Amino acid sequence: MTQKLDPWKSSEISDYAKLFEEFGISPFADVLSHIPNPHKFMRRGVIFGHRNFESIVHALNAKKPFVVLDGFMPTGRAHFGHKMVMDQIIWYQQNGAMAVVGIADREAHAVRGLSWAECKRIGVEEYLISLIALGLDPNRSRLYFQSECLPVMNLAFELGTKVNLSELSAIYGFSGETHLSHMVSTVTQGADILHSQLLEFEGPIPVVVPVGADQDPHIRLTRDIASKMNLFLIEVRKDKDGKNYFSVRGKGAPEDSFLRIETQLKARMKTKFTAKVSKEHMDIFGIFEEADEEILRTAVQEIELELGGYAFIPPSSTYHRFMSGLTGGKMSSSIPESNIGLSEDPKSAAKKVMRSKTGGRATVEEQKELGGEPNKCSVYELFYFHLVDDDNELLQIQKECESGELLCGTCKKNAAEKIEAFLTDHQEKRRIARERLCEFGIQY
Ligand code: SF4
């Protein structure tokens, strides 16, 4: 059965591997070995897929600037599922990225009908304060609310000229019942993702958006619109003999712009380069001995910008698995027992862990004989996703569980203590973070 991804409902993804063929998401394992000091979510396969992460790998290795961008829809309590995204934002920032984080208040207003004041309160109290408490650096970050960021709203309006109702329906399944502001929120998301590349911010720059797989429709739409907004379409490919070809096609670009591109490339490309400009077809084809894609793209971008156009690099994305709920099934903000909130009382959170669903057997004797099943255990997931950074320690828990040496009572007590200690510390950091909001430009 074909899976349906819906960014506004907590989709349960039955088969992550199928997303590779159904939606063209690439396996993250293909790029993992090229990432310096990968995050534990990368090492452990929590992040399982990507689109165009190669450009971020290049930026990480070459220590070139890039942006990590994410957004939070302020509809309820931020929990450990949201912490997964916050952890990734901070990891990218610590590895050289500018962190740009938007509070999707327009989306929350349009999709859930929350008042603007409530959107702001939840956005600050639940999301931004925890993000700062987890270690966001104010010197390399920009936090904003969709409704207060004029460049996002203006860009969203322009992006709207490149997408029609049929396309939105194909991607999101919209029907005649879908109201207009819900549709507008899709291009607002696109503008969130692309606006950092406007000249008034970072200019054309690689951007990575770490998301759960259910958010892929926004990524697909935005990547598609980004190409349509640009004056030139650049394609680079390698043939079976190892030759590198590129083509630059223009839609409505001035005739002489292709000659300008050719002149620029001849002056800049380090490797032997031949090109053919076709005024008739408004394109330029070239062969070069070694792919020097960055120089090619930079030269074309500069001319694009000189001509007053956009030069968006299609955004990269990564996709992570979802944590299960503590009660089994989905983790959901609307089911308090299924999740642990970042602002929740530490003692009540510890009690939830003690009540949570495990992969233990029916009796102690059975567990000692057969061992537990950590792959079916929400407590093990807490260790795996959040509570244990050391891979060897995690492996030890898994082995002791599977051998029957470790019993669920002891194991849950260990997890509950770790959760209580983490939340006690986090909430002290939240108290300090609240006083530092103005360092991040947030008036509240
Ligand atoms: Fe889960 Fe721990 Fe029980 Fe194993 S021993 S099933 S990891 S709670």
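The side chain of Gln-146 reaches the backbone nitrogen of Glu-107 at 3.3 Å. Such a polar contact is a pair of N or O atoms within 3.5 Å; within protein, one must be able to donate a hydrogen and the other to accept it, and residues adjacent in sequence count only if both atoms are side-chain atoms. The model is predicted: local features need pLDDT of at least 70, side-chain atom pairs count only at pLDDT 80 or more, and totals for chains, interfaces and linings use all residues. Residues are numbered from 1 along each chain as its sequence is written, and side-chain values use heavy atoms, with hydrogens and water left out.

**Gln-146**
- Gln-146 sits in the loop between β5 (141–145) and α8 (150–159).
- Its relative accessibility is 1%, so Gln-146 counts as buried (under 20% relative accessible area, 1.4 Å probe, protein chains only).
- Ile-103 is 43 residues away in sequence, yet 6.2 Å away in space, C-alpha to C-alpha.

**Aromatic pairs**
- The structure holds 14 aromatic pairs (Phe, Tyr or six-membered Trp rings with centres within 6.5 Å; planes under 30 degrees apart are stacked, over 60 edge-to-face, the rest tilted).
- Phe-66 and Tyr-92 pair edge-to-face, at 6.2 Å centre to centre and 85° between the planes.
- Phe-66 lies in the loop between α4 (54–62) and β3 (67–72) and Tyr-92 in helix α5 (residues 80–94), so the pair ties together parts 26 residues apart in sequence (helices are DSSP runs of H or I, at least four residues; strands are E, at least two; both are numbered from the N terminus).
- Tyr-92 counts as buried, at 0% relative accessibility.

Conventions:
Buried < 20%, exposed > 50% of the residue type's maximum accessible area, 1.4 Å probe, protein only.
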